[in-house]
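The following exercises are intended for a reader meeting this structure for the first time.

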Amino acid sequence: MAGPAPGRERWAGGAAGRTLDRWMPRVLLLLSLVSVVTTVGIVLTLAGETAVFFRAVSPVEFLTGRQWTPLFADKHFGILPLLAGTMMITAIALLIAIPLGLGSAIYLSEYASDRARRILKPVLELLAGIPTIVYGYFALTFITQVVLKRLFPDISVFNALSAGIAVGIMVTPLISSLSEDAMAAVPRRLRDGAYALGATRWEVASQVVLPAALSGVISSVVLAFSRAIGETMIVAVAAGSTPRLTWNPLESVQTMTGYIVQAALGDVGHGGLEYTSLFAVGITLFLFTLGMNLLALYIRGRFREAYQ
Amino acid sequence: MARVLEAGAAARAVGVPAAAHLRRRRRVDRFFRSLCLLATLTGLAVLVVLLADVVADGWRHLDGQFLTRFNSRLPERAGIFPALVGSLWVVGVAAPVLLVLGVGTAVYLEEYGGNSVWARLIKINIDNLAGVPSIIYGILGLALFVRGLGLGTVVLAGALTMALLVLPVVIVATQEALRAVPPSLRHASYALGATRWQTTWRVVLPAALPGILTGTILALSRAIGETAPLIVVGAVTFVRFVPAGLLDPYTVLPIQIYSWIMLPQDAFKELAAAGIIVLLAVLLVMNGLAIYLRNRYQQRW
């Protein structure tokens, strides 16, 4: 600033400056409302088109029907096969992600040296940054073709198992990272107390640190669950597009997200039953993930052990 | 672990049966240590195998022509040029929208909102939006931009959908950058007679700029890798032209990759792998840029 007079003029800004100062908070508030409007928009569009859908298909049939054949001449809109496919892939994913994620979290937090942790943690988080279409490619061309074909020679090209494994690998860093954060927040004196009693590292990890960090660990698993339900490209590529009620993970299935992709690619005619079914499936998916996310928030807040 | 070892040595010296018990406990410890290490290394191994698999499948197609050719029904003549340009278009249009909305929201929350009801509502809402599956944003974009505003399946509709999808990332990153600016800077500015907005615009925002840019680049790199929402808002998969404006049809890298994967011939799978290498290279450059910006311009107060 050259001198007091021009400096003051520039800073206080005169009448124009005062007007700007009065109006900017309102402009900023308007900008920040876009995110709220987005949520409202999501709920309204989903609910509106779903209402149209329910005029043609009864909610009871939608929720309890065992056939999903919207693209056939004989149309049935029972969402159970899509739910079953989603749940099977999510279950496989969690069977992979919980042991891998928790094991990594315990190793990073309790066993690894500081230097090893500083290198390993970001590298593991790279797994979360890889686009899901890449996992889809990996599931289809490597997990199925190279690995699973040898173990199960009669496996379908598109199958729930390979998609589940790939989704599991994708959500592993979510569990390992958030759980490691929760474990790192457990105060050192709790560990030192246990060590002073002669406990081994594993005893400290499993009987002191894990229980103290349990709310963070469980909420990370719930978030992983929610992410797995909403995962789209891996299942669209690797799981196939055959909605069916089955317990066999070697068969092709279809998930809720898989159906949305299939319907969207089919250039759904506006207003047709296929178009509105997209929204009915979408709102089911939305409510599931919203419930999971709220549950994770609740667990983290309700059961958190607070340490000074 | 010295204390535990001493305890074991003492127990062995006096010959109490606790020695056998302690040996067993140490074996259990070693067993679980190996198991946890194995879990960590499995993640790393998968990462290595995944990258090696993609490179092994796709490297033969990687040359200058692959980057500059249009798509083709003959795999040996197909290229990724329109998808690459389409991705740049979507990100380029989404970036200013993101900056205005994201930084505006964060500035309101950090500098003006305080603990008001609106501010708390917006915060809770952002937490929830971050957990909504990306394909749901695609459905919103389809209903709102493609059909509602009647834009059709054009660059602008895709870019707006993407901007809404990654908005929470930019808001949270900007909030953290603003919080890192020490209050003493603001107080100094007020003491010179500056108004609140002048302080925000000329003092706080410039100081927070590196953090804001880093967050925005990371958000855009997530947008580049996203496929599902753009499939729903109709980024077409076979374009023989490059978008020239906001209202032109387009395709993007991940969707081009997806459509090649779903073709039955193996040659197209190799093309998909080559496309994945290009996509990962773009992401690597963007993340590298973000890290560089953070390290180069980050201020410690």
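## Exercise 1: The elements of chain B

Task: State the order of the elements of chain B from the N terminus on.

Solution. Chain B runs α-α-α-α-α-α-α-α-α-α-α-α from its N terminus. The count for chain B is 12 helices and 0 strands, where helices (H or I, at least four residues) and strands (E, at least two) are DSSP runs, numbered from the N terminus.

The model is predicted: local features require pLDDT of at least 70, side-chain atom pairs count only at pLDDT 80 or more, and totals for chains, interfaces and linings use all residues. Residues are numbered from 1 along each chain as its sequence is written, while chains are lettered from A and ligands numbered from 1 in the order in which they are written.

## Exercise 2: Dimensions of chain B

Task: Compare the radius of gyration of chain B with that of a compact globule of 301 residues.

Solution. Begin with the rule: the radius is taken over C-alpha atoms, and the globule value is 2.2 Å times the number of residues to the power 0.38. For 301 residues a compact globule would come near 19 Å, but chain B has 26 Å. Next, take the spans of the C-alpha trace of chain B along its principal axes, which are about 85 × 70 × 35 Å.

## Exercise 3: The contact between the chains

Solution. Two residues are in contact if their C-beta atoms, placed from the backbone, lie within 7 Å.

## Exercise 4: Confidence

Task: Identify where confidence in chain A is lowest and where it is highest.

Solution. pLDDT is the predictor's confidence in each residue, from 0 to 100. In chain A the mean is lowest in helix 1 (residues 4-12) of chain A, at 47, and highest in helix 4 (residues 80-111) of chain A, at 96. Over residues 1-9 of chain A, pLDDT stays under 50. Where pLDDT is low, the predicted coordinates should not be read in detail. For chain A as a whole, the mean pLDDT is 88. Finally, the predictor gives the complex an ipTM of 0.88 and a pTM of 0.89.
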